[in-house]
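I opened my notebook to look through a structure that was new to me. Here is what I looked up, entry by entry.

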Amino acid sequence: MIRIKKVAWEDFLTPLNRGVRGLFLLLALTACGGSDDDPEPDPTPVNPIKVSTPVVSSITSSSAIVTATVAPTTGVTQMGFCYSTQQNPTTGDKTVNSATSSMNVTLNALIPNTLYHVRGFAVAAGKTVYSEDVSFTTEPSSGGGTNSLDDYVAPTYVDDYRSISAWSQRSQWNLANVHDPSVMLAEDGYYYMYQTDASYGNAHAAGGHFHARRSKNLVDWEYLGGVMSAAPSWVKDTLNISRQRHGLPTINSPQYGYWAPCARKVKNGLYRMYYCIVIDNYIKTGKANTTANFDNSWTERAFIGVMETSNPASNKWEDKGFVLSSMSDRGKNWARNSTDDWSGYFRYNAIDPSYIITPEGQHWLIFGSWHSGFAALQLNADTGKPINKMPEFCTTLSELNKVMKHVYTRKNGDRWQGSEAPEVVYHDGYYYLFMAYDALDVPYNTRVVRSQNIDGPYYNMAGANVTNGGDALPIMTHPYKFSTGNGWVGISHCAVFNDGADNWYYASQGRFPTTAGGNAPNAVMMGHVRSIRWISSGWPVVMPERYGAVPQVAISEDELVGKWEHIDLAYSYGKQKTATTMELAADHKVASGAWKGKTWSFTASTNTLKVGDVELMLQRECDWEATPRRATIVYAGLSSNGKSTYWGKKQSN
């Protein structure tokens, strides 16, 4: 029997600090007889588990049989083999599970004439034990060569992960339970992803904060666990020292929220992570933020701290302490008329940091959400701390302007607005400021503006200076749905990163729409990774289908002829934009659908499809809605003013 437990979204999200109005319900499935609050304990093996060295046999051009043993099996929750073309593969690479400890499995869909590495693994008590690395080379293909698309194997992990959402099943998560990701490429060749403490059914609560995972191919991700066990002592100390100075009572047990880390490689052997801890207590009395406790004041501030490590694979970070807190230009006037008052006490909320090192070697933090917009703060390169002393949390605008610079606001003069999660990257002479718009449950969408200076002014695609108010354009992502599947909503709060070879990527969470069925579909938070392409005017576009490591075999013009699913992502608050059919005819005319009658052309050297005056970037990607999943061709482009983003996918014949 199953029972349903309701958990208020307010448990994870502080409306006053984060900007989401009202409550959002997360529903968690729990088995009868267990505690509603205590996490399911993991079994602990009685003896150290050992996985024998794998033996590889029956090697063909596309398969191999691998055997090994696991002993003892007490407490083992998962076992099998992981394999890759790189040494020492992990469960973040491709895996095949075994149901028995005398493991005998077949690795299929291998690439001919390719060197592979394989290791056996076993998981118990959340820990993974590996065997020694063994390598083998597949046979050449019988035809003397191969089309790599013919050998392409699409990702097989499920999008609807609700059946494996529990903490005890975290080794199977891959990109399940991802929220507000930050991604960096480390020296060891892994991409490391860190995130906010939010998950389906609050499963993360069992394992610390700022949870980590890693991948070598951006498709297969290995869960690593939380990087922080509890709020550092400096948070409470700094909070209460400040409160005492202002005649406010001490808060003995602050209500903490752990939000939106940003991790970056500073240099070889040094990585920094800026993290946010919000205090969900009222300023005046210090009581917890509940309707019953409302004391006609705003809730307390958020803090940004910084951690460092020399080796992210260890998942151990050394805390370096306070960076800044939320700051108000209203002095001690923290009075709030009612819980429906959204006039925002804090001018800049210390949340959602984006850390960037400029080509000139300057270090900056861009931060803020909902409260009056975003600010830029210059940092000391050696310490990662501000170059200037931060003012008190209740100060004046002139004091704030001495230490930081305003860089964007959605609505001039509005202290409560739907923009958050700044992410800044440098590309080809411009700083691109990506941001999230609107509420995160369904309407969430991503925008971008740019500047030639890190601290602005920032302009949208139409050429308008939006630093002090204006619509950020173009639109990068928006709720959408192709002709099959549920589609996705709540797609934003992005990480933008590259592989060091100018291949760029966009990572975010995605949610099921409320119509997807089952228990709390909109609480499903699946991590999405997509490719970014840059159009001739320099602006980025995010590809419509998620990255699936499809071989980028040259696209021919003949492949473009036929029917496409076309989506116009022009802004429509909270609505999924749906696909229509468009046909490209062999005579280079659009035969039906959007842009009917226009002429199309293809430039193979840049993988560009031009329809009329619209430039569309082409790429091979995985068709995630197909059954089974397979490779297809997709496009993304922009209207001239950035108000429409066009996504398309070639229909299968």
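I began with a rule: a charge counts as sitting over a ring if NZ of Lys or CZ of Arg is within 6 Å of the ring centre and within 35 degrees of the ring normal. I also noted that this model is predicted.

Entry one, charges over rings. I found R410 over the face of Y437, at 3.8 Å from the ring centre. I then turned to K649, whose charged end sits over the ring of F482, 4.4 Å from its centre.

Entry two, aromatic pairs. I noted a count of 37 aromatic pairs. One of them joins W173 and Y223 edge-to-face, with 5.3 Å centre to centre and 65° between the planes. This pair links distant parts of the chain: W173 is in the loop between strand 11 and strand 12, Y223 is in strand 15, and they are 50 residues apart. Are these two buried or exposed? I looked up W173 and found it buried, at a relative accessible area of 2%; Y223 is buried too, at 14%. Next I looked at Y282 and F294, an edge-to-face pair with 5.7 Å centre to centre and 70° between the planes. I also saw a cluster in which ring pairs link Y430, Y432, W504, W534 and W539.

Which strands pair with strand 33? I found strand 35, antiparallel over five bridges, with L584 as the bridge partner of G562. I also found strand 41, antiparallel over five bridges, where G648 is the bridge partner of H566.

Definitions and conventions
Residues are numbered from 1 along each chain as its sequence is written. This is a predicted model: local features need pLDDT of at least 70, side-chain atom pairs count only at pLDDT 80 or more; totals for chains, interfaces and linings use all residues. Side-chain values use heavy atoms; hydrogens and water are left out. Two strands pair if DSSP finds at least two bridges between them. Helices (H or I, at least four residues) and strands (E, at least two) are DSSP runs, numbered from the N terminus. Rings of Phe, Tyr and Trp (its six-membered ring) pair if their centres lie within 6.5 Å; planes under 30 degrees apart count as stacked, over 60 as edge-to-face and the rest as tilted. Buried means under 20% relative accessible area, exposed over 50%, partly exposed in between (1.4 Å probe, protein chains only).
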